[in-house]
Amino acid sequence: MKRQKILDGAIIMMVLAIVTIITFKFVLPAKPDLIIDFKKMDLLDLNKNTIVLSDLLNKEETSYCMIFDLNDCFSCINKGIADLKALQEAGHNAIAIAVHQQVDELNGWSKHHDFSPFFMIRRPDFYQHIEVQTTPVIIKIEKNEIKNFRYILP
């Protein structure tokens, strides 16, 4: 009798575990891995002019955007910039956004790369308008909606 109660309890626990997994995996909507507020995100160009990200995106075609921190691994940043250059050569709109505090430092840093345009977002604005697991990340954007993204790994 005691074994039967233990067995019944184990079966009930397994059923509850399966129901919980199914609920969280298939029923409840998953939170996206990447969220960006395009219309409120202010960027600075290398001349210290403020620009809203949504104004830089091509409304009719696909745009690509790489968000990175100057402290990210150097080879990852270079891989991402090489991808952006290839996208530009294929005729796509591609921009790079650095998470940094000093436009002058980014301006000097950008001169060592054969890519343009670079923009900067200040760290507080980054944390306010972007939710991302890690940087650098390249984002595919169509009509101000994220269609796909890829984290750049070493």
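The legends below describe close-up views of a predicted model.

Residues are numbered from 1 along each chain as its sequence is written, and side-chain values use heavy atoms, with hydrogens and water left out. Because the model is predicted, local features need pLDDT of at least 70 and side-chain atom pairs count only at pLDDT 80 or more, while totals for chains, interfaces and linings use all residues.

**View 1. Confidence along the chain.** The mean pLDDT (the predictor's confidence in each residue, from 0 to 100) of the chain is 87, and 95% of the residues score at least 70. Strand 1 (residues 34-36) has the lowest confidence, with a mean of 73, whereas strand 6 has the highest, at 95. Helices (H or I, at least four residues) and strands (E, at least two) are DSSP runs, numbered from the N terminus.

View 2. Seven bridges pair strand 4 with strand 5 in the parallel sense, where two strands pair if DSSP finds at least two bridges between them. Ile67 has Ile97 of strand 5 as its bridge partner. From strand 4 the chain passes through helix 3 to strand 5, a β-α-β crossover that is right-handed; that is, with the strands pointing away from the viewer, the path from the first strand over the helix to the second runs clockwise.

**View 3. The antiparallel pairs of strand 8.** Strand 4 (residues 63-69) and strand 8 (residues 137-142) run antiparallel and are joined by five bridges, with Ser63 opposite Ile141. Strand 8 also runs antiparallel to strand 9 (residues 145-151), through six bridges. In that pair, Ile138 stands opposite Arg150. Two residues lie between the strands of the hairpin of strand 8 and strand 9, in which Lys143 takes a positive phi near 55°.

**View 4. The buried face of helix 4.** Val103, Leu106, Trp109 and Ser110 are the buried residues of helix 4 (residues 103-110). Seen down the helix axis, these residues fall within an arc of 125°, so they line one face of helix 4; the arc is that of the directions from the helix axis to the C-beta atoms. They pack against strand 2 (42-44), strand 4, helix 3 (74-89), strand 5 (93-99) and strand 6 (118-121).

**View 5. The nonpolar cores.** A nonpolar core is a set of buried Ala, Val, Leu, Ile, Met, Phe, Trp, Tyr and Cys residues joined through side-chain atoms within 4.5 Å. The largest has 21 residues, and those with the most contacts inside it are Met66, Phe68, Ile81, Leu84, Trp109 and Phe118. Strand 4, helix 3, strand 5, helix 4 and strand 6 each give two or more residues to this core, and helix 3 provides the largest share, five residues. A second, separate core of 20 residues includes Leu43, Ile51, Ile95 and Ile141.

View 6. Leu57 lies in the loop between helix 2 (53-56) and strand 4, and is buried, with a relative accessible area of 5%.

View 7. Ser116 and Pro117 are joined by a cis peptide bond with omega about 10°, and Pro117 is placed in the loop between helix 4 and strand 6. A cis peptide bond also joins Thr135 and Pro136, with omega about 0°; Pro136 lies in the loop between strand 7 (130-132) and strand 8. Lys48, in the loop between strand 2 and strand 3 (50-52), has a positive phi of about 70° although it is not a glycine.

Terms used
Buried < 20%, exposed > 50% of the residue type's maximum accessible area, 1.4 Å probe, protein only. Contact = heavy atoms within 4.5 Å.
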